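Here's a quick walk through one protein model, written for someone who likes to know the cut-offs behind the words. Have the viewer open while you read.

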Amino acid sequence: MLDFPRWKIWAIILTLLVGCLYAVPSFLPESVTAQLPKPLQARVNLGLDLSGGSYILLEAETADVAKQRVVNMEDQIRTELRRSDARIAIGDMSTRNNQLSFMVRDPSQVDAVVERIRPLTQGAGMSGQRDFNVEVRDGNTIVVTPTDVGISNAVESAMQVATEVIRKRIDEMGTREPTVIRQGANRIVVQVPGLQDPSALKSLLGQTAKLEFKLVDTTANPADLARGIAPIGSEVAPYPDNPMGQPVIAVKRQVMVSGDELIDAQQGYDQQSNAPVVNIRFNGSGANKFARTTQQNVNKPFAMLLDGKVLSAPNINEPILGGSAQISGNFTVESANQLAIALRSGKLPVALKVVQESTVSPELGADSIKAGLTASVLAVFLVAAFMLLTYGRWGVYAVIAVTINILVILGVMGILNATLTLPGIAGFVLTIGTAVDANVLIYERLREELRRGRSVVQSVEFGYKEASRTIFEANVTHAIAGGIMLVLGSGPVKGFAIVLLIGIATSVFTAVTFTRLLAVKWLRRNRPTQIKMGPMRIVPDNTNIGFVRVRHIAFIITALLTVAAIAATATRGLNLGVDFVGGVSIEEKFASPPPLDEVRSTVNGLGIGEATLQQLGDQNTVSIRLPLPASNDPGATNVVVEKVKAALAKEFPGATFSNYSTVSGKVSGELIQDGVLAVVLAIVGIAIFSWFRYEWQFGVSTAVAIVHDVLMTLGFFAITGLVFDLNIVAAVLTIIGYSINDKMVIDDRIRENMRKYRKMGMKELIDLSVNETLPRTVMTSVTIMLALGALLLFGGHVLRGFTAAMMLGIVVGTYSSVYVSSSLLITLGLKPNPNERKAASGIAANAERISPRNEG
């Protein structure tokens, strides 16, 4: 355990140096980073909550994909059956129920029709199915139906194309460093740093830009059109700016020319009216189609449709042979330019709508960075001072390890091109506190070995050896909670999970392997005969507190608190954030604490819905929650936000906008579902791990303790009325991870003592185990509370609820570990002789000690 060959020493040093080296670019200006070698240009990206900007979550209307596929198949079938060399007469085609059906006029040609249509279908991936089923009904009716696997493949293809189209559109706007990524099967995330008014961007992204030229059906009956009925072969299309006044017209379903055949689109001006227009040019194929259509339909109206709406329907006075055309309508210069951009970048293969958005001002982002750095520095200072006073030289090793650990985390995030969010900074601060937990375990074990009479070298060796097993098992459970956050979380919660998971891996390496290297170097150089720790000692040596003796009182108190927490949650409810209830949330910062009644009256007077207000942080910041706008216009939310900003700035001089976020009802429902699922999976997963790693009683007691901790947290938020949002779900999962970490340490010691003291009664054995691990429990809780205290004081109001939940969780988790979980093992009937096979199996089993020690 203390053997370090030269190659291993260099491997450890080089690994840490590389990790720290990759952290450096994140501290340098981008202009300097760009001059570095390519491998060293990787840096940590700042999330929008730190840099300022806009976040938009788009959801695809996948039903449109299936509908469009039927339309495309209709065009292909018409073209195939009208071939001059083998023309087959068919009746009108129907597209009802999302399937294509038509009659073959000559029943003897039905088989020929099927044979000519089947090649138009394609294989659907590796499924062995076709993307369309072709069947004959009633002797002469052909029905073509899209298959589910074909639709799934089409949706996937459409989303890939949509992602690239969106990226092109944003690039055309000249926006700086946008991020466009897929999320799930049918969503796209767009993040644009620095963008404060996303209304134009949302309008552009929400525009499918599906341009079509179709002939107008002049045979339609206006009365039928008013009822939404069009002649066979035609469809009803809205015409908002119809100079004739009729809001809808009938157009042929067949597309004569489409926007897919454009090669250019530019905003321009009409030569006669000087009104803004869009000038377009077709490629060779499109120019030929456009010329042929205008030649064959002189003196007939020709409709130009954009996203299913008629822009204009001019009469074809003469053939247009040059391959160019002009799109006119009630355009402004800005809207004409946006349409030109959309047409140039290509049409979206699927309609997209905004289901979630948020905008953060650069000032709030800068304040968040400053607050996060202040909290981090203070946390490092407090934890370092505490470790030095408690462990002396060994505290120095722990502080060096923590400092390197922070740099390595940044380096790994830089290599992964990960994004640092405000909750991610909270993850850093929390990592500072939890990273020393491994060192505390080792050093407290080292103290025990010294008290048992072992030599200095033996004490160091056994301290690291015995603690390593516990550290591994405790971090596995912590990683389970972090992994669930990463998979089921969204946005900032993922940022927190990334920092947490990277920190778990790196802290084990720095706290165990690196500090062990430092300890070995010191032992070989100085050959000490004794080890001196720091002057401060919170928990005296050889404590003998009878925890089990008061277990019945503890159970009663726990039951009463649990019932009270459930009752408070059921009666008062949780103050759910906009993440979970949907709506618009606006944060406004005032020059001084404003009267909430006046703010509410000002906002309610705007006629945009009933406002719910809550003061945050220093009381100068107010959260204003409003219902979602009823309009489907992509810019409706921005209109609401601008109204609120203008009204508050007028009534309260000095009021400034901080940020806003919008969540649709659908997304908020999904977030609630994912949050509940994450907590349940964490409880079940960790309980199963405890069950298989130890005995079933350990798994059950662990699950009971976790449920207790979660219910206490919910009760706390119900009573205080603090906002319960996604950040709090992350806090709950972290509490579960920390609480289990604590329980694993005690459970591991109980298991060790069960093998060591085979004749000791369970009550005495559990008391002994809890007392032996009590110094570690208290020391770790203190270090984490110091880090969280810094975050509470200087982390800003955004993280205040998260920090409060974590601090409560530390207290409640420590209580449940000491008084509930361990004592519950007796009630569950755990016996002094565990299953030998299970106790002797698993990772680090060779670290088990079979023979009793000399207590000396």
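**Ground rules**

This is a predicted model, so local features need pLDDT of at least 70 and side-chain atom pairs count only at pLDDT 80 or more, while totals for chains, interfaces and linings use all residues. Residues are numbered from 1 along each chain as its sequence is written, and side-chain values use heavy atoms, with hydrogens and water left out.

**The whole protein**

Along the principal axes, the C-alpha atoms fill a box of roughly 110 × 70 × 60 Å. Of the 856 residues, 52% are buried (under 20% relative accessible area with a 1.4 Å probe, protein chains only; over 50% is exposed, and partly exposed lies in between). Taking contacts (heavy atoms within 4.5 Å) with a separation of 6 or more, 75% are between residues 24 or more positions apart.

**The 8-strand sheet**

In what order do the strands of the 8-strand open sheet run? The order is β6-β7-β2-β17-β23-β20-β22-β21, with antiparallel pairing; two strands pair if DSSP finds at least two bridges between them. As a reminder, strands of a sheet pair through backbone hydrogen bonds, either parallel or antiparallel. The edges belong to β6 (179-183) and β21 (612-616), each with a single partner strand, so one side of each has no neighbour in the sheet. From one strand to the next, the twist averages 20°.

Within this sheet, β17 (residues 352-360) and β23 (residues 656-663) run antiparallel and are joined by 5 bridges. For T359, the bridge partner in β23 is Y660.

Antiparallel strands β4 and β5 share 6 bridges, and V134 has V144 as its bridge partner in β5.

Is E80 buried or exposed? E80 sits in helix α4 (residues 62-81) and is buried, with a relative accessible area of 16%. Leaving out residues up to four places away in sequence, E80 touches R116 and L120.

**Two positive-phi residues**

N97 and D138 are worth a click if you check backbone torsions. N97 has phi near 55°, a positive value in a residue other than glycine, and D138 also has phi near 55°. N97 is in the loop between α4 and β3 (100-103), and D138 is in the loop between β4 (132-137) and β5 (141-146). N97 counts as exposed at 72% relative accessibility, and D138 counts as exposed at 73%.

**Two helix pairs**

Axes here are lines fitted to C-alpha atoms, for helices over the stretch in contact, and angles run from 0 to 180 degrees between N-to-C directions.

| Helices | Axes come within | Crossing angle |
|---|---|---|
| α18 (residues 596-604) and α19 (residues 636-651) | 10 Å | roughly 135° |
| α16 (residues 551-572) and α21 (residues 696-720) | 8 Å | roughly 45° |

Angles under 35 degrees count as roughly parallel, over 145 as roughly antiparallel, 65 to 115 as roughly perpendicular and the rest as oblique. α18 and α19 are therefore oblique to each other, and α16 is oblique to α21.

What handedness does the crossing of α18 and α19 have? The crossing of α18 and α19 is right-handed, whereas that of α16 and α21 is left-handed. A crossing is left-handed if the near helix is turned anticlockwise from the far one by less than a right angle, and right-handed if clockwise.

V599, T602 and V603 of α18 make contact with V644, A647, L648 and E651 of α19. By class, the contact of α18 with α19 has 5 nonpolar, 1 polar and 1 charged residues (nonpolar: Ala, Val, Leu, Ile, Met, Phe, Trp, Tyr, Cys and Pro; charged: Asp, Glu, Lys and Arg; polar: the others, Gly among them).

In the other pair, α16 residues including L561, A565 and R572 meet α21 residues including H708, L711 and G715. The contact of α16 with α21 divides into 9 nonpolar, 5 polar and 1 charged residues.

How values were computed:
Helix = DSSP H or I, 4+ residues; strand = E, 2+ residues; numbered from the N terminus.
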